[in-house]
Amino acid sequence: MSGSRAPAQERWLLWLALAFLVVFSLLPAVYLVLQLGLALLGPTRQAVLATLMSPDAWRASQHTLEVGLGGATLALIYGLVFALFVSLTPARPRQWLVFAFVVQALLPPQVVALAWTQLWLPLKNTLIAQGWDSWQAISNPLQSREGIILLLGIHYAPLVFLTVRAGLLNLSPEVIEAARVCGASPLSILRRVILPLVLPALVAGGALAFVSCIGNFGIPAFLGIPADYLVLPTLIYRELSGFGSAAIPSALVLSALVALLAALGMGVQRVFLRCGSSEVIATRLKMPPFHLGRWQTPVAVGLTLWVSLLLLAPLLALLAKSVSPGLGIALTWANLSLEHYSYVLLHNDATLRAFVNSVSLSVGSALVLAVVSLFLAYQMAYRRNVLLRRLMPWVEVPYVIPGVVLAIAMILLYLKPLPLLGWSFYNTLWIIFFAYLARFLTIQLRPVLSGFAQMPREMLEAAEVFGGSFVSRMWHIVVPLILPSVTAGALLVMLLSLNELTVSALLWATGTETLGVLVFGLEQGGESAAASAVGILSIVITLLCMLLASRLGRRLPEGVLPWRA
């Protein structure tokens, strides 16, 4: 029945779904390429080529490659080691280890950078108080190339961890047992059996980490701008901030460089995987196959302390800064102050606007994408619509490409009023909303597709045979069964969009500030304590969303919530 032609009442919804994909997934990429061609061949050709050959562009491209390769390498090593320990040994406490490790990728990168910078000052003051006067002249070492690489590697190591862990858990136990029977040592099994089998997942995680590193704006902005170490996203931000719409041709060609670097990273991944990969039957690994003997407990304790320190130490420094009484005044229990929270919540109009804007954008995009993904998944998984399945790679493009590229595409697409309608979305909240819809569609769609894969097809087929209308089938069968997956996907979208900065940094205007933009603006304006207060509030909201999603954990398909062990 599912292979038959869809009823007439579904066809108009199918056309709406196709229109949504074309407008939000396909059109921005196509229009960006078209405008790039016009810029290279049109009257702006000389200005574009001058930008492309400028020392700033070459220097920023070199810096982007440095932090991309360095951050991805660190993420690969850190994520791989952690995935091997958690997945292949009886690690305890597993749930906290996975949560504390993965949550670092879900926290806003600009807040992460701010938190780490706040950790330096009390450390420096402590060393000076102990007699190390030579530290007085030392600037924050995180505000450098190495500091950017360090934080990018820590922030995106969970991407490698999640992809490698999925591959490790799907290893066939028989393969490991066969190697043991042949007398192979654990180290030999790891080197000659396990690592070759999870190589595709490792390369995929590394490529994703590389693309994420070169597209990140928050960490290079907080750490690189004070040190005059610009990468392509921060250079584009500087150009647009200084010259406005007149700098769009220059920003376009610079964003093309970012896209080219991202494409090279994904291309290397494809070539590497084609050269040789191994496949096994995906039978989930139920029991950890290895034990470190007397080293198991010390390694587990050491990793637990390490992960907890990396997560909690900068957040505690951020919290301390947000309740500090004032610049240069030592913080004690007696002089804790909520003045900065009062300022950002009650006396700063930009803060109130940013909270309202971010909540409206995150909730609105989550609701719209929840409805759209429900019908898209229905058509893909139940109706097996060939056209929608072929368009699936385009759904992932706005999320995979660096956010700065998507932002430039949106600026070009909506810079002028829409033909015939005359509506102008440039410098409005709508352009950020449209960018979020494009960027986070795949985040919402994946959990819903997983939910449909676990739903008994016979229920829908029986309801259709006995004359149940489309609305009745969706309301009485699909929605009750898929609702946990839809809700989890919507919460993930809210988590990512609530504190998003890379896209909104280029799209915001006065009155359309978001929380990410607010934190960046306060820090750049010298109000670090107020920025810290907003950062703490953002983290609290993030953790509440994660807690709410975890409440649905037992009813969700496996793998929907990345922080579940």
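Analyst: This is a predicted model.

User: How many residues of helix 22 are buried?

Analyst: Helix 22 spans residues 515-524 and is mostly covered, with seven of its ten residues buried. The buried residues of helix 22 are Leu-515, Gly-516, Val-517, Leu-518, Val-519, Phe-520 and Leu-522.

User: What is the general idea behind reading a helix by position?

Analyst: An α-helix has 3.6 residues a turn, so residues three or four places apart point the same way.

User: How many helices and strands are there in the protein?

Analyst: The protein has 23 helices and zero strands. As for burial, 52% of its 565 residues count as buried. Contacts can also be read by sequence separation: among those with a separation of 6 or more, 81% are between residues 24 or more positions apart.

User: Take one residue. Is Thr-234 buried or exposed?

Analyst: The cut-off for buried is under 20% relative accessible area. Thr-234 has a relative accessible area of 1%, so Thr-234 is buried. Thr-234 is found in helix 11, residues 232-243.

User: Which residues does Thr-234 touch?

Analyst: Leaving out residues up to four places away in sequence, Thr-234 touches Phe-217, Pro-220, Ala-221 and Ile-225.

User: How do I read the packing of two helices?

Analyst: Two packed helices are described by the angle between their axes and the distance between the axes. Here, take helix 14 (residues 339-347) and helix 15 (residues 349-382): they pack at an angle of about 70°, and their axes are 6 Å apart.

User: Why are helix 14 and helix 15 described as roughly perpendicular?

Analyst: Angles from 65 to 115 degrees count as roughly perpendicular. The angle between helix 14 and helix 15 is about 70°, and the two helices are therefore roughly perpendicular to each other.

User: Which residues of helix 14 and helix 15 meet?

Analyst: From helix 14, Val-344, Leu-345 and His-347 meet Asp-349, Thr-351, Leu-352 and Phe-355 of helix 15. The residues of this contact divide into four nonpolar, two polar and one charged.

User: Which residues line the second largest cavity?

Analyst: Its lining consists of Leu-21, Val-22, Ser-25, Leu-26, Leu-391 and Trp-394. Helix 1 (8-41) and helix 16 (386-400) are the elements that give two or more residues to this lining. The largest share, four residues, comes from helix 1. The lining of the second largest cavity divides into five nonpolar residues, one polar and no charged.

Definitions and conventions. Residues are numbered from 1 along each chain as its sequence is written. This is a predicted model: local features need pLDDT of at least 70, side-chain atom pairs count only at pLDDT 80 or more; totals for chains, interfaces and linings use all residues. Side-chain values use heavy atoms; hydrogens and water are left out. On a 1 Å grid over the protein atoms alone, a cavity is a set of points where a 1.4 Å probe fits but cannot get out, and a pocket is an open set with protein on both sides within 12 Å along at least five of seven lines; lining residues have an atom within 4 Å of a point. Ala, Val, Leu, Ile, Met, Phe, Trp, Tyr, Cys and Pro count as nonpolar, Asp, Glu, Lys and Arg as charged, and the others, Gly among them, as polar. Axes are lines fitted to C-alpha atoms, for helices over the stretch in contact, and angles run from 0 to 180 degrees between N-to-C directions. Angles under 35 degrees count as roughly parallel, over 145 as roughly antiparallel, 65 to 115 as roughly perpendicular and the rest as oblique. Contact means heavy atoms within 4.5 Å. Buried means under 20% relative accessible area, exposed over 50%, partly exposed in between (1.4 Å probe, protein chains only).
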